[in-house]
Amino acid sequence: MDHYGLLGIIPPVLTILLAFLTKDVVVSLFLGILSGALIVGGGNPFTALMNLSDLIANSLADGWNIRIFLFCALLGGLVGMLTKTGAAGSFGRWASSRLKNRRGGQLMTMLFGILIFIDDYFNSLSVGTVMRPICDKTKVSRAKLAYILDSTAGPVCILAPISSWVVTVMSIVRDAQGFEKLGITEFSFFIHAIPYNLYALTALLMVFIISITARDFGPMKESEQLAKTGVLFNEEKYGPVTGEVPENDVSRAKPIDMLFPIVVLIFSAIVFFPVTTWIGAIGDETPTFIAAMQSMTLSDAFNNTDSSVALCYAIIFTLFLTYIYYLVRGLMSLQESGEALRDGIKSMVPALVILAMAWSIGTIIKSPRADGGLGLGLYLSEVVKSGGFPIGLLPVVLFILSAIISFSTGTSWGTFGIMIPIAMPIVTGLAEGIGMAQTALVNAAMISIAAVLCGAVFGDHASPISDTTILSSTGASCPHLEHVATQMPYAIFIAVCCIAGFLAGGLAENLAICWIADLIIFVAGIIILPNIRSKQSNN
């Protein structure tokens, strides 16, 4: 038998339960991995600990994984340099000099949040620091600023192909049991799955609509009405602000200093995606780089790329050019640049630990018994194929379960690591059980994994213990409880739209139906909810 049967469910279930109880996803993941190692090791704790050590080491020894690990760490270093130079502040002041009203302040905050897509922490703090004085001047409440920061942090990072979030997702998807049956690369899978990411896209749509129409509801409406009188946050009701983020000295920085590294990173990634494919194709039949280029179309080169190699090259080139650029511009000394790199990489350590743990638990869960794993994916595939669970209901179930885990733990990354290795073998097993065609199988996998991503991002967005939620209130200098109270109804409303979308789209196996259901609830809510609140206030 290639699996341990029902025993294989112990690590993910234990991890989920411990995450609920401890609110510490690292400890929960570690103990989940240890429980799996104990099962494989026949209950011998010494064997289990040695297996656990080998498991983590082997995860990091994998060529793909270590390049993604390096990409995330070096991305932190780039963020550290952007923070040290105050480049974001200079760009913000240049752009904000053209703002005259509340709508402009909110839309500019959203635009900055989309532009700074490489890291959610940097997004929340840097955009908050830049836009807070402008939003104060135009009488936008601190709660609204915090909401826009939070809604353009995780939701944007999960959509951008060169963010730390997405490379993490691609690495977990790539290693999940059953992914090889889809017949596509992890990069192509992610790109084609973007339209299924209902929560992130609807959240951004919500920010845009609320910013231009001012159709706020719930506690946010109260905060916005108070801000129009000059009271930007309700300290009496929610307590003091969570902190003031100090602004960097931006006297020497110019707007181009912010744009330069972002443009270089995007351009480098676009260039290296096909280039790495062409380099890898060089061989006996295509002995030169030119011959390799001529052997395939540009589209094939993009779709077949090893994204870990391309992204690793892109971040190294970007760091090198940005490093030289900032030194020449006099924005950093050699000592300051070293400190910026070190501080930026240090800020990524918690995320890197979660990433390593996610790889490890995914490996022990999915690997067959012969390879030292539990073979959970094989077991689940057998169970779901014989049990007749309707595949159309799977996306909405995955969304709700992922949302509960992420909300309780405050982390989307940990939820990715727990849920994707479970979801992929279930959806591929169900699809095989009903004889689903290849195209339909890929679509079913996309909507199911997108449901996991959406649930995880929603939970992270709404959770009061989420790092991004805390940093958004800090970046906006908003009382944390006010940010949580005002954002929660918005996040739940978008989640309800997503549930409708995943339910209808999953049953119909159609992306258009998915979005029609989502948008019907969204439009109805935008029309009805502000009026319900105003009637209650009048009473």
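The structure holds 14 aromatic pairs (rings of Phe, Tyr and Trp, the last by its six-membered ring, with centres within 6.5 Å; planes under 30 degrees apart are stacked, over 60 edge-to-face, the rest tilted). One of them is F179 with F189, an edge-to-face pair at 5.7 Å centre to centre and 90 degrees between the planes. That pair links distant parts of the chain: F179 sits in the loop between α10 (164-175) and α11 (186-193), F189 in helix α11, and they are 10 residues apart. Both F179 and F189 are buried (buried is under 20% relative accessible area, exposed over 50%, partly exposed in between, with a 1.4 Å probe and protein chains only). Y325 and Y326 make a tilted pair, at 5.7 Å centre to centre and 50 degrees between the planes. Y325 counts as buried because its relative accessibility is 18%, and Y326 is buried at 0%.

A word on what you're looking at: this is a predicted model, so local features need pLDDT of at least 70 and side-chain atom pairs count only at pLDDT 80 or more, while totals for chains, interfaces and linings use all residues. Residues are numbered from 1 along each chain as its sequence is written, and side-chain values use heavy atoms, with hydrogens and water left out.

Now the overall picture. The chain has 27 helices and zero strands (DSSP runs numbered from the N terminus: H or I of at least four residues for helices, E of at least two for strands). Of its 539 residues, 56% are buried. Among contacts between residues at least 6 apart in sequence, 81% join residues at least 24 apart (a contact is heavy atoms within 4.5 Å). The chain exposes about 20800 Å², and carbon and sulfur atoms supply 67% of that (Shrake-Rupley areas with a 1.4 Å probe; for residues, only the protein chains shown count as cover).

What about the inside? The largest nonpolar core has 151 residues, and M206, F416, I420, M424 and F502 touch the most other members (a core is a set of buried Ala, Val, Leu, Ile, Met, Phe, Trp, Tyr and Cys residues joined through side-chain atoms within 4.5 Å). Helix α24 (residues 438-462) gives this core its largest share, 16 residues. Leaving aside residues up to four places away in sequence, M206 touches Y147, F217, Y490, F493, I494, F522 and I526. Ring pairs also link Y147, F217, Y490, F493 and F522 into a cluster.

On to the charges. Side chains of opposite charge can pair when their charged atoms come close. The count here comes to nine salt bridges (a side-chain nitrogen of Lys or Arg within 4 Å of a carboxyl oxygen of Asp or Glu). Three of them are tabulated below.

| Salt bridge | N to O distance |
|---|---|
| E224 and R102 | 2.4 Å |
| D216 and K144 | 3.1 Å |
| D175 and R174 | 3.1 Å |

E224 lies in helix α13 (residues 219-227) and R102 in helix α6 (residues 102-115), so their pair ties together parts 122 residues apart in sequence. E224 is buried at 3% relative accessibility, and R102 is buried at 19%. D216, in the loop between α12 (198-213) and α13, is 72 residues from K144 in helix α8, and D216 and K144 are both buried. R102, K144, D216 and E224 are linked in a network of salt bridges. R174, by contrast, is partly exposed at 31%.

Which residues form the nonpolar patch on the surface? They are I492, V496, I513, I516, I520 and I521, with about 480 Å² of accessible area together (patch residues have over 30% relative accessible area and no salt bridge; like charges are joined within 9 Å, nonpolar side chains, meaning Val, Leu, Ile, Met, Phe, Trp and Tyr, within 5 Å). Helices α26 (480-508) and α27 (511-538) each supply at least two of the patch residues, with α27 giving the most, four. I520 is in helix α27 and counts as exposed because its relative accessibility is 53%.

Last, a loop glycine: G239 falls between α14 (235-238) and α15 (255-281) and is buried at 16% relative accessible area. G239 and C478 are 239 residues apart in sequence, yet 9.4 Å apart in space, C-alpha to C-alpha. Beyond residues up to four places away in sequence, G239 touches N234 and P479.
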